Amino acid sequence: MMENAIKNPFILTPYVPEKYFCDRDEETALLCKHILNGRNVALFSERRLGKTGLIRHCFEQPRIKNHFNCFLVDIYPAGSLKEMTALFAKEVFANNTVSGLGDFLLKGIKSIRPSIGYNELTSTITFSAGIGDIPEPEKTLEEILAVLDSLKKPTVVAIDEFQRIRDFSEKNTEAYLRTAFQKCKNIIFIYTGSISHSINNIFKSPDKPFYNSAVMMTISVIDKIVYREFAKRMFRSLGKDIDEALVDRCYDYFSGVTWYNQLLLNEAFAQTDKGGIILETDFDSVYDAIIAQQDFSYRELFSRFSEKQKSLLLAIAKEGKEGAAVTSKEFMLKHGIGPASSIQTACSALKKNYFITDNGNLKQISDLIFRDWLRKY
Ligand SMILES: Nc1ncnc2c1ncn2[C@@H]1O[C@H](COP(=O)(O)OP(=O)(O)O)[C@@H](O)[C@H]1O
Ligand SMILES: [Mg+2]
């Protein structure tokens, strides 16, 4: 009873166990091949397609897991090199049971000494540095890299949301990081980026430090038929069933983006009784439930925008799927907002935090569930 209540095969966290992981066979093979060949990789795609999931999945493959020390640092929350270093240190120290790493860390990291301790009981190293405890981020970062570089097994460091370095408060971060990374002989770097434009600039412009330093790899949506079969198999393996027309409807509504597929089917699964089947006509009940679950956090989020930003978000949400020409006369007149200059100001603030994204010259709400919530608001 309890088990049935908890088990849902549609996982919503970035680490999806093998059993519940859908496809990505080719991408897994390719990424593993690059790692085994000692190549740095720049992996980019739209958001929420499964880049982070793919990396974690590769890290779990025996041919990687058994021969490499693997770390993944998500630098999305970082606004500076200092913050990035703090996140990196946290990830490395959290995995200090990697053979030899603990000792090396104790010996090798001198710049943040007071934050490092040793727990006799558990024989593990403790780490308690906050951002304020890292007075010399460059030194600390280099020390950590040197420790990893000296380990017996080679190391893979995946830096997730790497395009964030472009917003760092320090100048010349790109040049600095490139030099620091280049010194490492025993570390493979994987960089991921969600915004193809910035990530392209980092790796594809001949005048940029990271130019040609990594093989470019991209992923797209999971194939529709493959996802459909996966969804049916997941339902049936746990004594439930789903009409494939509903899987297709979810897939089409969100253009196949993995995160939304998983979110909808997780809810669809929850709404299906054991031994029962969920139908295409249940789409609205599934989607309404999801919007309702988000209501509290979206309200909270929405309340923090300025008045101008609020009316702009509402106006964009009301436009079509492709987005809105926010500074066109037609748009301003229709929604009673303007002038163009103030719309532009609101736009750049919203864009900076990825609440809206560009689709050519049009602006879209990035989170499609948020968009539909705004429509109902
Ligand atoms: N192959 C997969 N099978 C099942 N679920 C997946 C798969 N890849 C990703 N997901 C789900 O989709 C969500 C978004 O994927 P994520 O890797 O975070 O995307 P990205 O890093 O590209 O933004 C994850 O939280 C996970 O729940
Ligand atoms: Mg990610």
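## Exercises on a predicted model

The crossing of helices H7 and H8 is right-handed. The model is a predicted one.

**Exercise 1.** Determine how H7 and H8 are oriented towards each other, and which residues make the contact.

Solution. 
- Step 1: H7 covers residues 137-149 and H8 covers residues 173-182; their axes come within 10 Å and cross at roughly 25°.
- Step 2: Angles under 35 degrees count as roughly parallel, and therefore H7 and H8 are roughly parallel to each other.
- Step 3: On the H7 side, the contact is made by Glu 138, Leu 141, Glu 142 and Leu 145. H8 contributes Tyr 176, Leu 177, Ala 180 and Phe 181.
- Step 4: Sorted by type, the residues of this contact are six nonpolar, no polar and two charged.

**Exercise 2.** Decide whether Thr 140 is buried or exposed, and list what it touches.

Solution. 
- Step 1: Thr 140 is found in helix H7.
- Step 2: Buried means under 20% relative accessible area. Thr 140 has a value of 0% and is therefore buried.
- Step 3: Leaving aside residues up to four places away in sequence, Thr 140 touches Thr 85, Ser 111, Ile 112 and Ile 134.

**Exercise 3.** Describe the hairpin of strands E10 and E11.

Solution. 
- Step 1: E10 (residues 356-359) pairs with E11 in the antiparallel sense, over four bridges. Asn 359 has Leu 362 in E11 as its bridge partner.
- Step 2: Two residues stand between the strands, and Gly 360 takes a positive phi near 65°.
- Step 3: Side chains alternate along E11 (residues 362-365).

Technical notes
Residues numbered from 1 in each chain as written. Chains lettered and ligands numbered in written order. Predicted model: local features only at pLDDT ≥ 70, side-chain atom pairs only at ≥ 80, totals over all residues. Heavy atoms only, no water. Axes fitted to C-alpha atoms, helices over the stretch in contact; angles between N-to-C directions. Parallel < 35°, antiparallel > 145°, perpendicular 65-115°, else oblique. Left-handed = near helix turned anticlockwise from the far one by under 90°. Contact = heavy atoms within 4.5 Å. Nonpolar A, V, L, I, M, F, W, Y, C, P; charged D, E, K, R; others polar. Buried < 20%, exposed > 50% of the residue type's maximum accessible area, 1.4 Å probe, protein only. Pairing = 2+ DSSP bridges.
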